Amino acid sequence: MTRPELLATAADLEELKLVLDAGADAVNIGGSRYALRTTGRFSLEEIKQAATLVHQANKKLYLSVNSVMHNEDLDGLSSYLKSVTDTGVDAIVFSDPAVLMTVREEGLAIPLHWSADIISTNYQTVNYWGKKGVQRAELARELNMDEIIELKENAGIEIQVQVHGIMCIFHSKRELVSNYFNQAGQKVDHRSDHLKSRRLFLKEEKRQDQEYPIYEDDQGTHIMSSEDICMIDQLPELIDAGIDSFKIEGLMKPASYMEKVVRLYRKAIAVYLEDSKSYRNQANEWRREIEQIQPQGRPLTTGFFYKEQIF
């Protein structure tokens, strides 16, 4: 049975050190220009420092270059990709084909991971990108367990699945929140912590108990899920299916939370691989430990893993 990679996000160098010490095999970070919806913004110098720290621990570093590209965004993309390749990152996480095309045109020797949020839903599409040289695909969050297993069985490249954390359910390139407040005469800037500290969210009229956080960055506005995925007590099916990488998403979570969650998932994977019966006995307790540090009003759920989408 193959041991899956445990991948965690990090907002800064301190959080990166914490998740590494907690047992992450790899860390996903975002750069300061082309990253979409990442926990932090790393400068080129910080990316170099991150790569050094990760490699000293014999782990891997992945850099998100996954923004929605417009024509003006292509200016500087080539030089940026050359620079980040030189930092020593182990892979670039992308969604827009412009990134892949630029990497190939410049002859850059850097592995690519495809992460397109909502369209990585079938093995034909995944294998299409594999034929283009992509090493890994991160699957859409709205696939159920049967779809994930079937996709993995027919995929020719590595498969990554998010097993913990928040999900995005809407994205617009427009800075909707900043524009709203500025129109109302309140000058705000999403580059500061002002919007985040206001803890903005939406509610549905018929489901007032559910809050959908609004997150804004340089790439626009994002409406996030009202719940967090938590698969720590349901990992066996994914491990048995041979999923290559389990991602823990730390967006809108403090570093202390990530450290605890990564440590628990590290333990859960190890226990299952050593003794599946022992895993069953401990799984509920691991989930309870996460529930104790879970932010108020954000219940834990298995997301779409056990749902059938009906359109």
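Modeller: A nonpolar core is a set of buried Ala, Val, Leu, Ile, Met, Phe, Trp, Tyr and Cys residues joined through side-chain atoms within 4.5 Å; buried means under 20% relative accessible area (1.4 Å probe, protein chains only). This is a predicted model, in which local features need pLDDT of at least 70, side-chain atom pairs count only at pLDDT 80 or more, and totals for chains, interfaces and linings use all residues. Residues are numbered from 1 along each chain as its sequence is written, and side-chain values use heavy atoms, without hydrogens and water.

Biologist: Which residues have the most contacts inside the largest nonpolar core?

Modeller: That core has 80 residues. Helix 10 (residues 255-274; helices are DSSP runs of H or I, at least four residues) gives its largest share, 10 residues. Those with the most contacts inside the core are Ile29, Val65, Leu235 and Tyr265.

Biologist: Is asparagine 66 buried or exposed?

Modeller: Asparagine 66 lies in the loop between strand 3 (60-65; strands are DSSP runs of E, at least two residues) and helix 3 (77-86). Beyond its neighbours within four places in sequence, its contacts (heavy atoms within 4.5 Å) include Tyr34, Leu36 and Phe94. Because its relative accessible area is 12%, asparagine 66 counts as buried.

Biologist: At roughly what angle do the axes of helix 5 and helix 6 cross?

Modeller: The axes are lines fitted to C-alpha atoms over the stretch in contact, with angles from 0 to 180 degrees between N-to-C directions. Those of helix 5 (residues 123-131) and helix 6 (residues 145-154) come within 9 Å, and they cross at roughly 35°.

Terms used:
Buried < 20%, exposed > 50% of the residue type's maximum accessible area, 1.4 Å probe, protein only.
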